[in-house]
Amino acid sequence: MKRCIGLLVVLLAILPLYADLPFRNHRYAGFRALTVNREHIVMMGNSITNMHEWWEAFGDHRIINRGVSGAISEEMIANLDPILAGHPAKAFIMIGTNDIGYGKTREEIAQNLQIILDRFKAESPETKVYVQSILPSGNGSRGGKIAGTNELLRTVCRKAGVTFIDLYPLMGDGEGHMKLGWSFDDLHPKAVGYQAWCNYLLPYLNEGLDRKLSVQYPLQLPDIYEGRADSFGARLGTLSQLPLYADDIVLIGDEMIHSGEWHELLSSSRVKNRGTGWGYPGGSMDWIQKQVPHFLHGNAKNACPGTIVLYAGAQEAESGMDVKAFEEKYRSLLATVHEQAPTARVVLLSVLRNADAQKDQQFTQAYNKILKLIAKKDKQAQFIDAYTPLLAPNMMEGNYVIADGYRKIADLLSFLLQ
């Protein structure tokens, strides 16, 4: 009986690891569309890294995000090659949160960190490496294990001659949790947490840089989350405080938008990512519509962007929303975009293929016909068909866009930069 209970505990611990594996694979596959170079500062980690727009927070497109929601240290090791091959200027590493959640010992986590540091030393010795501590969290099985793991990670860094950045006291309440009001789930920071984190990182980022960075968050941060007290709401609150300028191209949408590193794909600091959500199919049109005013005006200094790219409808196709209801909701969403950004041109990006052939034919294809008609009658809107070119091989895996798919969508949007 005890053996059965023990096996059940292990299975329950690893189930989340496999549940979000398709998302993680899609995120890693998307990185293959990108190239690391010697000017880059790479942010490596899990969802806590993934969900933040680091380059916007510091106003420098040299900062690139290689965070993956749900990632564990073995996956980071397995996906190091493209980073090491680019010999980036700096790498900021955060590992361990999910490893602890999945039952790994602190010794196993420290051993994997050692492997990562050894590989940087051997394959990209010019890269200045920083290791960030695991953030405080009482979420799930993590409570009580993080502090001890951090101390072992500190020891690994000291022996390797690598800078260890201890964020635990900065972000914690002294009792193993994130500071009150800094997170909805005691795991993923809200805007106030990322603001403090960025300010703390700033001296490390500026070490050796000719062009010094600054934190772009306003001093006062409203608590914006539109009723979603989760990571979706936390990302909304963060994105709502980042600056927008008159010539910006803002991509608004669900997980597909969120997971694309669009400023890299389009090689432009004018391109801003305002996608939220984890896993397919991401957020609904209702959720996207609620976010639009905050994305555009949450920061009082924001200008009306020049272009908005809108991607919505994947969740509705997955759930089987009636075509007429979809049209009504999309028109309402588009009206909100026009109201909040009256001078912006709007690109309506087609809904991408649903891997379920019946849903694809009955809903996705029908939705796209509606979007095309809506754009035809709207003087400020333009329809872009990404559905058809992404039917080609190696564009998607299941419902997820992968490297070639992201390249193709970026190609379709590249005219916006002209």
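Biologist: Which residues of H2 are buried?

Modeller: In this predicted model, the buried residues of H2 are Phe-23, Arg-24, His-26, Arg-27, Tyr-28, Ala-29, Gly-30 and Phe-31. The helix spans residues 21-31 and is mostly covered, with 8 of its 11 residues buried.

Biologist: And strand E1, how many of its residues are buried?

Modeller: For E1, which covers residues 41-45, the count is 5 of 5, so the strand is largely enclosed by the rest of the structure.

Biologist: Which residues sit on which side of E1?

Modeller: Ile-41, Met-43 and Gly-45 are on one side, while Val-42 and Met-44 are on the other, and both faces are covered.

Biologist: What joins E1 to E2, and which way do they run?

Modeller: E1 and E2 (residues 63-67) run parallel and are joined by 5 bridges, with Val-42 having Ile-64 as its bridge partner in E2. E1 also pairs with E3 in the parallel sense, over 4 bridges, and there Ile-41 stands opposite Lys-90.

Biologist: Switching to helices: at what angle do H15 and H17 pack?

Modeller: The angle is about 5 degrees, and the axes are 10 Å apart. Angles under 35 degrees count as roughly parallel, and H15 and H17 are therefore described as roughly parallel to each other.

Biologist: What kinds of residues make up that contact of H15 with H17?

Modeller: They divide into 9 nonpolar, 5 polar and 2 charged. On the H15 side they include Ile-288, Val-292 and Leu-296, and on the H17 side they include Phe-326, Leu-333 and Val-337.

Biologist: OK, charges now. How many salt bridges does the structure hold?

Modeller: It holds 22 salt bridges. One of them is formed by Arg-62 with Asp-60, where the closest N and O atoms are 2.6 Å apart. Arg-62 has a relative accessible area of 14% and Asp-60 has 4%, and each falls under the 20% cut-off, so each counts as buried. Salt bridges that share partners also join Asp-60, Arg-62 and Arg-211 into one network.

Biologist: Which partner does Arg-66 have, and how far apart are the closest atoms?

Modeller: Arg-66 forms a salt bridge with Glu-264, and the closest N and O atoms are 2.9 Å apart. This pair links distant parts of the chain, with Arg-66 in strand E2 and Glu-264 in helix H14, 198 residues apart. Arg-66 is buried at 8% relative accessibility, and Glu-264 is buried at 14%.

Biologist: What about Asp-223 and Lys-190, where do they sit?

Modeller: Asp-223 is in the loop between H11 and H12, and Lys-190 is in the loop between H10 and H11, 33 residues apart. Their side chains meet in a salt bridge of 3.1 Å, N to O. Asp-223 is partly exposed at 48% relative accessible area, whereas Lys-190 counts as buried at 9%.

Biologist: Last topic, backbone geometry. Which residues does the cis peptide bond join?

Modeller: The cis bond joins Tyr-280 and Pro-281, with omega about 5 degrees, and Pro-281 lies in the loop between E7 and H15.

Biologist: And what is the phi of Ser-267?

Modeller: Ser-267 has a positive phi of about 50 degrees although it is not a glycine. Ser-267 belongs to the loop between H14 and E7, and it is exposed, with a relative accessible area of 68%. His-87 likewise has a positive phi of about 50 degrees, and His-87 is found in the loop between H6 and E3.

Definitions and conventions: Residues are numbered from 1 along each chain as its sequence is written. This is a predicted model: local features need pLDDT of at least 70, side-chain atom pairs count only at pLDDT 80 or more; totals for chains, interfaces and linings use all residues. Side-chain values use heavy atoms; hydrogens and water are left out. Helices (H or I, at least four residues) and strands (E, at least two) are DSSP runs, numbered from the N terminus. Buried means under 20% relative accessible area, exposed over 50%, partly exposed in between (1.4 Å probe, protein chains only). Two strands pair if DSSP finds at least two bridges between them. Axes are lines fitted to C-alpha atoms, for helices over the stretch in contact, and angles run from 0 to 180 degrees between N-to-C directions. Angles under 35 degrees count as roughly parallel, over 145 as roughly antiparallel, 65 to 115 as roughly perpendicular and the rest as oblique. Contact means heavy atoms within 4.5 Å. Ala, Val, Leu, Ile, Met, Phe, Trp, Tyr, Cys and Pro count as nonpolar, Asp, Glu, Lys and Arg as charged, and the others, Gly among them, as polar. A salt bridge is a side-chain nitrogen of Lys or Arg within 4 Å of a carboxyl oxygen of Asp or Glu.
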